[in-house]
Amino acid sequence: MAARTELRELAPPAFTHSVPALLEIYEAAMRPPPDQLPGRAAVMASHAGYPGFGCVVAMDGERPLGFAYAFHGREGQWWHDVVTEGLRLHGRSRHARRYLTDPLEIAEVHVLPDAQNRGLGRSLLHALCARRPERTAVLSTRTGPTAARHLYRSCGFVEVLESFSFPGSPEQPFSIMAARLPLLGPGARRPRGRSPLWPWTG
């Protein structure tokens, strides 16, 4: 990370308030169709009320460079249930039992394009997963030889389901990945103390 970059935790109420600003990072990193952004904003805001919600933001002074958030996954949540059923239909129920019984569901990890290739994504991911009580971490990422997949593999994630299409997005296949916690690498060491809550309000 750059010398000035600081990782800060964002509490659920502040996260909800800051969704519009964080959505700008998501938009710059992912370049989704504009008509999908209102729905994504609503989903992000709803996630703040999920059990075990946690968010980490990379800040350069008062400028947010990236963010990542996750929560405890459990039955009754959309992603958890869709992926569990997908694993079952592909004859991989054992993966569901192994990785989705007590998971940390990583919903988003995004960094602004001009701040990428500086280790921010790795730092966000490790900070997000540190000190978590869950046994595993799970996520979905676009298929193909992407930088994101390379990052996740280097942190101990493995593919448990390839080329999976979520309902409503048949044209965009995803890889379902999972890892045991703590993650691999020096970032998995327990940091001293806790990051301060992010005071920025957007």
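**The nonpolar cores**

Modeller: The largest nonpolar core has 44 residues, and those with the most contacts inside it are Phe15, Ile106, Leu125 and Phe157. A nonpolar core is a set of buried Ala, Val, Leu, Ile, Met, Phe, Trp, Tyr and Cys residues joined through side-chain atoms within 4.5 Å; buried means under 20% relative accessible area, with a 1.4 Å probe and protein chains only. In soluble globular proteins, nonpolar side chains tend to be buried together. A second, separate core of 15 residues includes Val83, Leu87, Leu100 and Val138. This is a predicted model, in which local features need pLDDT of at least 70 and side-chain atom pairs count only at pLDDT 80 or more, while totals for chains, interfaces and linings use all residues. Residues are numbered from 1 along each chain as its sequence is written, and side-chain values use heavy atoms, with hydrogens and water left out.

Biologist: With which residues is Phe15 in contact, leaving aside its neighbours within four places in sequence?

Modeller: Contact means heavy atoms within 4.5 Å. By that criterion, Phe15 touches Leu10, Leu22, Met44, Ala48, Phe53, Cys55 and Tyr69, its neighbours within four places in sequence being left aside.

Biologist: Where does Cys155 lie, and is Cys155 buried or exposed?

Modeller: Cys155 lies in the loop between helix H6 (147-154) and strand S6 (158-164); helices (H or I, at least four residues) and strands (E, at least two) are DSSP runs, numbered from the N terminus. Cys155 is buried, with a relative accessible area of 1%. Beyond its neighbours within four places in sequence, Cys155 is in contact with Arg122, Leu125, His126, Leu183 and Leu184.

Definitions and conventions:
Buried means under 20% relative accessible area, exposed over 50%, partly exposed in between (1.4 Å probe, protein chains only).
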